[in-house]
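Biologist: I would like to learn how to read cavities. Please show me on an example.

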Amino acid sequence: MAVSLRSRARLRHLVQSQQLSRQLLDEIFQRADEMRASPHRAAGRLQGRVMAALFYEPSTRTRLSFEAGMLRLGGQTMGTDNALAFSSAAKGETLEDTIRIVNGYADVIVLRHPAEGAAERAAAVSDVPIISAGDGRGQHPTQALLDVYTIKDEVGRLDGVKVAMVGDLANGRTVRSLAYLLAKYREVELTFVAPPQVAMRDDIKAHLDRHGVRWREVGDLDVVLPQVDVVYQTRIQKERFTDEESYRAVKGRYVIDLAAMRRLRPDAVVMHPLPRVDELDPEVDSDPRAAYFRQARNGMHIRMALLDMVLS
Ligand code: CP
C-alpha cells in the first residue's frame, strides 16, 4: 500500500484490520474499557474537533455510534447520508476530490463506500485521518475491533478461542476483517459455515495459512454448534447479488433459532454484526448467550477509543 498508515507510533488512517498490531489492539481495548467505565470522565477530550461522516451506503450502527462517540467526547459532527445522491458525487465528483475538499473542513473523516479499496484511495490523498466504516465487499475494520473486544469480554480470552463464522462469508466485510484480526492471536480456530456460492474467499484462507491459523469449512451447522465458543452469524447480503434468483438460492440456509441454541454450549455466545433479516430468530434475543445487542453497544466505546487515539 502506498499510503502511510501510521505516523510515529500512532495510528493514522484505519482502512484495514491488518494494520492493527497486538500492541495497538491492547491500547484501543484499554481506552474502550476506560470510556465504558467512566464515560463522563472522557467528556471534552475532543472539544473543538470536527468529524465528517461520509456515508455512500446505508448504516444505523456505524454511523450513529461514531457520531454518538464524537459528541460524548465533546467534538462536533457533520456529514452526508446517501452520499451518492446527496453529495456532489451525484454531479460526477470523484471520491478523491471530495476527500481533498472535506480535508479543509474536518479533523477526521469516517467513510463508508460501496467500492472495495475506496478507503485506501481516500487515505492516499487525505491529510486528515481516514477511518473506514466499510468498503463494499472489502473490509469493515472498526466492526472487527468491536467484535474482538466483545469476544474478549464475553468469552474471557482471545488466545485459543474457537469461532464459527456463518452465512454470507464471500460478501461479508465484517467476517473478512474479523478473520484478519483473530489471526493475530494464538491457537485460534475458525470454522466457516456458508453455502458454497458465498464461501469464504481464498485471499482470507491464504492469509490464515500464512499465519498458521487453523481453519476448516463445514456444511452442517448442527455439528459445529456444540464445538465453538462463538457463533458469528451474518446476513445474506441481498444488495451484493446481481439477481434475485441467486439470492434466493442461498438465503435461509443457516438460521440461529431456539433449536440451534439448544445445541450451543452453555458458555458459548451468539454474535451478529446486524442488521438481521431472517437468519437470527428474535426468539433467541432473551437468551443470555445472545450477545449481539451488547456487541453493538460496545461499538460506541471502541469508536470513542479510536477517535481519541487518532485525534489526541
Ligand atoms: N454492523 C454494521 O455495520 O451495521 P450498520 O450497517 O447499521 O452500520
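Modeller: The largest cavity here has a volume of about 60 Å³. This is a predicted model, in which local features need pLDDT of at least 70, side-chain atom pairs count only at pLDDT 80 or more, and totals for chains, interfaces and linings use all residues. Residues are numbered from 1 along each chain as its sequence is written, and side-chain values use heavy atoms, with hydrogens and water left out.

Biologist: What is a cavity, and what are lining residues?

Modeller: On a 1 Å grid over the protein atoms alone, a cavity is a set of points where a 1.4 Å probe fits but cannot get out; lining residues have an atom within 4 Å of a point. Points are joined across faces, edges and corners, and the volume is the space filled by probe spheres set on them. Two cavities of 30 Å³ or more are present.

Biologist: Which residues line the largest cavity?

Modeller: Among them are Gly167, Gln233, Arg253, Tyr254 and Asp278. By class, the lining has four nonpolar, four polar and three charged residues. Ala, Val, Leu, Ile, Met, Phe, Trp, Tyr, Cys and Pro count as nonpolar, Asp, Glu, Lys and Arg as charged, and the others, Gly among them, as polar.

Biologist: What is the volume of the second largest cavity, and which residues line it?

Modeller: Its volume is about 50 Å³, and its lining includes Arg61, Gln143, His272 and Arg303.

Biologist: Which element gives the largest share of that lining?

Modeller: Helix α12 does, with three residues. Helices are DSSP runs (H or I, at least four residues), numbered from the N terminus.

Terms used. 1 Å grid on protein atoms, 1.4 Å probe; cavity = no way out; pocket = protein on both sides within 12 Å on 5 of 7 lines; lining within 4 Å. Helix = DSSP H or I, 4+ residues; strand = E, 2+ residues; numbered from the N terminus.
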